[in-house]
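Please look over the chain shown here before reading the notes, which are arranged by topic and meant to be read alongside the coordinates.

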Amino acid sequence: MIGVDHKYLIYIASVITVYSGIDIILTPVWFSEKQDFLIDVTPIKWPLGVSFIICGVLLVYRERKKSKRKVKPLFYTICPNCKETYFYNKLKEGMCPSCDVKTVDMDKYYNSN
Ligand SMILES: [Zn+2]
């Protein structure tokens, strides 16, 4: 699976998981003729099926949240007091280490001055 975006693998996995959940609810009995083997989950088909569906939905939900976070990267900030620039992720909650003032987005700073 080289070259396939990790995101699509998550979506495929979640579709399979949700589909399995629906399948459990609709056909809770599996029978393997070769091994003469029977699985019957009828008494627990709802909790089992629903938890599969929830797992599948959560997979997509988590992935979406992650990609949303990536959309807005904040790289450079500037301290309005000492005019020093910083890498945002090197700062503790965006505070200037020498003035203890909240730094601002560099683009916003230059646009408003
Ligand atoms: Zn400063």
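The briefing below covers the overall arrangement, then the helices, the strands and the loops.

This is a predicted model, and the chain contains three helices and five strands. Read from the N terminus, its elements follow the order α-β-β-α-β-β-β-α.

**Confidence and overall arrangement**

- The mean pLDDT over the chain is 86, and 89% of the residues score at least 70.
- Among the elements of the chain, helix H1 has the highest confidence, with a mean of 92, whereas confidence is lowest in helix H3 (residues 106-111), where the mean is 82.
- Where pLDDT is low, predicted coordinates should not be read in detail.
- Of the 113 residues in the chain, 9% count as buried.

**Helix H1 and its two sides**

- An α-helix has 3.6 residues a turn, so residues three or four places apart point the same way.
- Tyrosine 8, which belongs to helix H1, counts as exposed because it has 11 C-beta neighbours inside 10 Å, where the cut-off for an exposed residue is 12 or fewer.

- The C-alpha atoms of arginine 62 and isoleucine 10 are 9.8 Å apart in space, although the two residues are 52 residues apart in sequence.
- Tyrosine 8 and valine 60 are likewise 52 residues apart in sequence, and their C-alpha to C-alpha distance is 9.9 Å.

- Strand S1 (residues 29-32) pairs with strand S2 (residues 37-40) in the antiparallel sense, and the pairing runs over four bridges.
- Valine 29 has aspartate 40 of S2 as its bridge partner, while tryptophan 30 is partnered by isoleucine 39 of S2.
- Four residues lie between the strands of this hairpin, in which aspartate 36 adopts a positive phi near 50°.

**The sheet of S3, S4 and S5**

- Three strands make up an open sheet with antiparallel pairing, and their order across the sheet is S4-S3-S5.
- Strand S4 (85-87) and strand S5 (104-105) are the edge strands, since each of them pairs on one side only.
- Strand S3, at residues 76-78, runs antiparallel to S5 and is joined to S5 by two bridges, and the bridge partner of threonine 77 in S5 is aspartate 105.
- In a regular strand the side chains alternate between the two faces of the sheet.

**Positive phi in the loops**

- Most residues other than glycine have a negative phi, which is the background against which the following residues may be read.
- Lysine 83 sits in the loop between S3 and S4 and has a positive phi near 60°, although this residue is not a glycine.
- Lysine 83 counts as exposed because 8 C-beta neighbours lie inside 10 Å.
- Aspartate 100, in the loop between S4 and S5, is likewise not a glycine and shows a positive phi of about 60°.
- Aspartate 100 is exposed because 9 other C-beta atoms lie within 10 Å.

Conventions: Residues numbered from 1 in each chain as written. Predicted model: local features only at pLDDT ≥ 70, side-chain atom pairs only at ≥ 80, totals over all residues. Pairing = 2+ DSSP bridges. Buried ≥ 20, exposed ≤ 12 C-beta atoms within 10 Å, placed from the backbone. pLDDT = per-residue confidence, 0-100.
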